[in-house]
Amino acid sequence: MLKVACPSLDARYKAGSPNSPPRRGAGRPRTPAHSAMKMTNPWIVSLLLGATLVQANLYPPAVLNLGPEVIKKHLTQALENHDATAILQELPLLRGMQDKSGSIPILDSFVNTVLRYIIWMKVTSANILQLVVQPSTYDQELVVRIPLDMVAGLNTPLIKTIVEFQMSTEVQALIRVERSKNGPARLNLSDCSSNESTLRLSLLHKLSFVVNSLAKNVMNLLMPALPQIVKSHLCPVIQQAFDDMYEDFLRLTTAPIALSPGALEFDLLSPAIQDSNILFNLKAKLLDSQARVTNWFNGSATPLMETTPDRAPFSLTVRQDLVNAIVTTLIPQEELVILLRFVIPDVARQLQMDIKEINAEAANKLGPTQMLKIFTHSTPHIVLNEGGATAAQSVVLEVFPTNTDVRPFFSLGIEASYEAQFFIAENRLMLNFNNVSIERIKLMISDIKLFDPEVLKDTLTKILEYTLLPNENGKLRTGIPMSMPKALGYEKAMWSVSKGALKLTPASS
């Protein structure tokens with residue numbers, strides 16, 4: 001039989017009393033900054049924190065790192081959504097040549113002479129080849145190269161068949177971090193152009209001398225005209241595609257993540273560019289079930305590793321303090337009431353034997369409704385290191401002879417640690433605790449006699465393993481939905497632990 005209630009430890013153990021449970025950081029001297037912060041208006045505190053984040057160059061609570069593979073994939077898809085190849089097939093080649101030559105009378109006369117022999121001319125097929133994303137020579141800047149492969153055809157009365165020639169060129173644009181005095185920084189695409197040096201024209205099929213000469217003249221006219229034609233018609237589409245991609249990334253990043261209870265929300269602090277990657281530095285907030293903000297996370301002096309490990313396509317890195325705040329939301333402080341002989345009779349008998357060694361008379365008073373109360377003085381505190389994750393927790397454990405007694409035989413303050421395992425199951429982040437280890441036991445109250453609580457260590461370990469851990473793992477069982485990997489195009493993902501951070505990356509197939 002297991003009963004759960006929400007206690008107030010402060011009501012049970014007044015601060016400073018000899019029976020108060022052990023507190024982390026107890027006795028730490030308060031600095032003037034602590035006192036000043038306590039007296040400061042909360043709105044002023046928020047402004048000070050924001051200013052500190054800028055001035056001290058603090059590290060964000062989370063970083064979404066998108067590698068070139070993700071950027072190429074999503075920009076390519078955005079270009080497809082905007083029918084970029086259809087735009088290429090509608091390029092006005094004849095008008096473009098006329099416009100280019102219109103300002104030069106001699107050249108204009110030559111163009112008109114050539115065009116007299118052309119009935120129509122258009123792009124018959126167009127393909128956008130694999131995009132290239134690479135770092136620029138300048139900081140906070142990426143170069144995007146978009147290769148184009150087109151076949152153009154012209155119809156002339158000089159021959160019954162269509163004259164075709166291949167056109168290969170490349171559009172280049174820059175992705176930059178643009179900062180605004182009146183708003184947050186954002187990524188912007190600029191300097192979109194097609195350079196004549198990347199243009200290659202070739203006749204697909206050699207025909208008669210006259211036709212070949214005509215085709216050569218057309219290609220000579222296209223060489224200076226085509227880059228401007230492509231820039232005028234394709235660059236606006238590339239700009240729209242990039243803006244859509246950027247907004248999609250922001251929507252993906254800021255979509256609420258359901259917790260039980262409440263939710264986690266990320267918001268953009270600032271974008272950045274590192275090597276060939278786009279970084280979104282994120283702030284975070286936790287909300288309760290009524291959508292009220294319970295905790296804010298902006299900057300910290302603790303650094304995050306901001307590069308994707310092993311050139312992973314993407315990574316989401318979450319700082320340790322944010323991980324702990326999420327765990328606190330999922331596992332609040334509580335009181336467990338346990339009728340030990342009904343729940344774990346073997347451990348109840350072992351506890352009775354241990355108490356008999358201390359006080360035989362007290363052991364004989366343990367009835368069938370022998371009761372334990374466990375107060376979680378703190379929620380599990382996660383510590384993330386290269387070798388894995390651990391959790392530390394302080395609890396108060398009381399032993400009552402029956403469920404009608406109001407005064408315990410004794411009360412113990414226990415500091416325990418567990419192994420913490422993070423993993424993905426069905427697109428959810430899962431956390432599980434196992435392998436209890438008791439680090440320290442303190443006798444706080446004893447009505448039977450003073451004794452060394454270490455004699456109970458093995459039994460207490462079993463009690464925590466059979467009661468507290470299943471209760472906390474049950475609260476974690478639903479997991480945290482993680483839609484980001486699938487939205488970025490990856491069916492499987494994995495969590496890894498590094499010093500002070502938790503990292504999400506695609507799983508190797």
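**Notebook: strands, rings and one serine**

I began with strand 17 (residues 388–400) and strand 18 (residues 410–425), which run antiparallel and are joined by eleven bridges. Strands and helices here are DSSP runs numbered from the N terminus, a strand (E) having at least two residues and a helix (H or I) at least four. Two strands count as paired if DSSP finds at least two bridges between them. This is a predicted model, in which local features need pLDDT of at least 70 and side-chain atom pairs count only at pLDDT 80 or more, while totals for chains, interfaces and linings use all residues. Residues are numbered from 1 along each chain as its sequence is written, and side-chain values use heavy atoms, without hydrogens and water.

**Strands.** I found Leu397 opposite Leu412 in strand 18. Strand 18 also runs antiparallel to strand 19 (residues 428–446), with 15 bridges, and there Ala420 has Phe433 as its bridge partner. Two residues lie between the strands of this hairpin, where Glu426 takes a positive phi near 50°.

**Confidence.** I looked up pLDDT, the predictor's confidence in each residue from 0 to 100. The protein chain averages 84, and 83% of the residues score at least 70. Over residues 1–56 the pLDDT is below 50, and over residues 305–309 it stays under 50. Where pLDDT is low, the predicted coordinates should not be read in detail.

**Ser378.** I located Ser378 in the loop between strand 15 (371–376) and strand 16 (381–385). Ser378 counts as buried because its relative accessibility is 16% (buried is under 20% relative accessible area, exposed over 50%, partly exposed in between, with a 1.4 Å probe and protein chains only). A polar atom of its side chain lies 3.0 Å from the backbone nitrogen of Ser394. Leaving out residues up to four places away in sequence, Ser378 touches Gln333, Gln393 and Ser394 (contact means heavy atoms within 4.5 Å).

**Rings.** I took rings of Phe, Tyr and Trp (its six-membered ring) as paired if their centres lie within 6.5 Å, with planes under 30 degrees apart stacked, over 60 edge-to-face and the rest tilted. The count comes to six aromatic pairs. Tyr246 and Phe280 form a tilted pair, 6.0 Å centre to centre with 40° between the planes. Tyr246 is in helix 8 (residues 209–254) and Phe280 in strand 11 (residues 277–287), 34 residues apart. Both Tyr246 and Phe280 are buried. The pair of Phe410 and Phe451 is edge-to-face, because the planes stand at 75°, with the centres 5.3 Å apart.

Methods:
A polar contact is a pair of N or O atoms within 3.5 Å; within protein, one must be able to donate a hydrogen and the other to accept it, and residues adjacent in sequence count only if both atoms are side-chain atoms.
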